[in-house]
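Student: I am new to this structure and would like to know what stands behind the terms used for it. Please show it to me first.

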Amino acid sequence: MIGGLFIYNHKGEVLISRVYRDDIGMAYPANRRLQRPSPFLLPDLRRNAVDAFRVNVIHARQQVRSPVTNIARTSFFHVKRSNIWLAAVTKQNVNAAMVFEFLYKMCDVMTAYFGKISEENIKNNFVLIYELLDEILDFGYPQNSETGALKTFITQQGIKGQVSTKEEQSQITSQVTGQIGWRREGIKYRRNELFLDVLESVNLLMSPQGQVLSAHVSGRVVMKSYLSGMPECKFGMNDKIVIDKQGKGGASDDAGKSGKQSIAIDDCTFHQCVRLSKFDSERSISFIPPDGEYELMRYRTTKDIILPFRVIPLVREVGRTKLEVKVVIKSNFKPSLLAQKIEVRIPTPLNTSGVQVICMKGKAKYKASENAIVWKIKRMAGMKESQISAEIELLPTNDKKKWARPPISMNFEVPFSPSVSKGPHLEGLGFKFNVGAHKTPL
């Protein structure tokens with residue numbers, strides 16, 4: 001499986017290194033006062049294989065977009081968090097999806113233990129990270145990576161008392177090796193609470209004429225549970241699959257006649273606590289929730305996507321040294337909703353010498369290093385319209401190629417999802433839960 005795991009900073013220095021197989025190189029952490037061993041113990045080819053990632057990926061002249069890089073018959077699977085690189089190295093033909101799932105899970109575990117993933121936090125907690133790696137990976141094969149189970153025996157604080165009793169040791173053993181390893185027994189709260197957030201990301205590509213070329217929604221259901229005992233929860237969603245199964249082929253038409261709206265989910269993945277057998281038979285999500293915050297499921301849909309914004313660009317060339325750009329954005333959601341943290345990036349030609357910007361709302365600034373006009377709006381209500389105008393001065397050039405006009409990108413957040421959560425319900429054995437409003441970045 002995984003031959004080694006390395007964590008780099010933005011300079012390319014190795015902060016954490018763990019080698020599980022002898023067919024790859026090993027780099028030593030910058031924060032550990034260790035002398036490099038003799039070259040006879042670690043051949044130069046092994047070290048060069050690891051150093052090649054620093055040269056070809058971190059310090060590459062061009063931005064590396066692919067998350068998998070093959071160097072000297074060695075595969076580097078890497079993810080980036082702020083200025084930190086996590087790279088899993090192997091020379092075998094491994095399952096790439098499982099490697100990336102492990103890397104993302106490792107990021108979640110580190111975030112749960114010491115917050116933001118930064119160079120300072122990694123250096124201050126490098127002993128803790130090595131303990132986690134020893135528990136999560138066994139000879140390169142991922143093992144138990146559930147944060148709740150790991151926190152029972154890998155703590156950041158000293159253990160009070162002398163020696164743990166046999167009962168406590170048996171509880172830890174049963175939790176790690178038992179059927180429900182994500183939740184320990186004996187949890188008690190004065191007040192039982194359950195919070196649910198639906199986070200959606202809308203990915204859209206539109207032509208200059210306003211035609212939608214491709215669009216899909218990627219969503220996550222994130223929950224926080226503070227429940228006593230071992231409760232069993234049941235979560236249902238207004239899903240087209242459920243309606244079709246209940247009606248055996250004709251229920252979707254009846255739902256359309258009655259005015260009920262449905263959502264077709266293309267694919268979804270669940271947390272290990274979800275009972276897949278009940279989901280296949282009843283199309284309901286039944287589970288015993290972990291304690292604290294966790295991601296219950298992910299889903300993706302490509303049908304009946306409601307576009308929250310419409311972007312209308314107008315570009316006019318005035319001679320060969322001037323461009324006039326006008327961009328209009330219209331919000332298509334309900335007036336009761338409010339978009340926040342709106343950021344529109346309008347690309348400019350490479351030979352731009354100066355930009356004059358006039359915007360009705362928000363603030364706009366030309367960033368020469370990014371070759372783009374960045375327009376930021378704090379808030380915008382539904383069914384509203386705003387526009388920006390810019391005069392771009394160009395330097396004369398001998399290049400006869402026309403400007404390719406790259407697409408305009410837009411990021412924003414809207415409270416409440418207009419596409420998926422049209423009536424979720426939660427049922428618990430012995431408890432009744434209410435689902436409140438949730439924020440959804442689109």
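Student: Which residues in helix 2 meet which residues in helix 4?

Tutor: F102, M106, V109, M110, Y113 and F114 in helix 2 meet L128, I129, L132, L133 and I136 in helix 4; contact means heavy atoms within 4.5 Å. Helices are DSSP runs of H or I, at least four residues, and strands are runs of E, at least two, numbered from the N terminus. This is a predicted model, where local features need pLDDT of at least 70, side-chain atom pairs count only at pLDDT 80 or more, and totals for chains, interfaces and linings use all residues. Residues are numbered from 1 along each chain as its sequence is written, and side-chain values use heavy atoms, with hydrogens and water left out.

Student: Why is helix 2 called oblique to helix 4?

Tutor: Helix 2 (residues 96-114) and helix 4 (residues 126-136) pack at about 135°, with their axes 12 Å apart. Helix 2 is therefore oblique to helix 4, because angles under 35 degrees count as roughly parallel, over 145 as roughly antiparallel, 65 to 115 as roughly perpendicular and the rest as oblique.

Student: What makes E295 and R220 a salt bridge?

Tutor: The closest N and O atoms of E295 and R220 are 3.0 Å apart. A salt bridge is a side-chain nitrogen of Lys or Arg within 4 Å of a carboxyl oxygen of Asp or Glu, so the pair qualifies. E295 lies in strand 13 (residues 292-301) and R220 in strand 9 (residues 212-226), 75 residues apart. The whole structure has 14 salt bridges.

Student: Over which residues does pLDDT stay under 50?

Tutor: One such stretch is residues 417-442; pLDDT is the predictor's confidence in each residue, from 0 to 100.

Methods. Axes fitted to C-alpha atoms, helices over the stretch in contact; angles between N-to-C directions.
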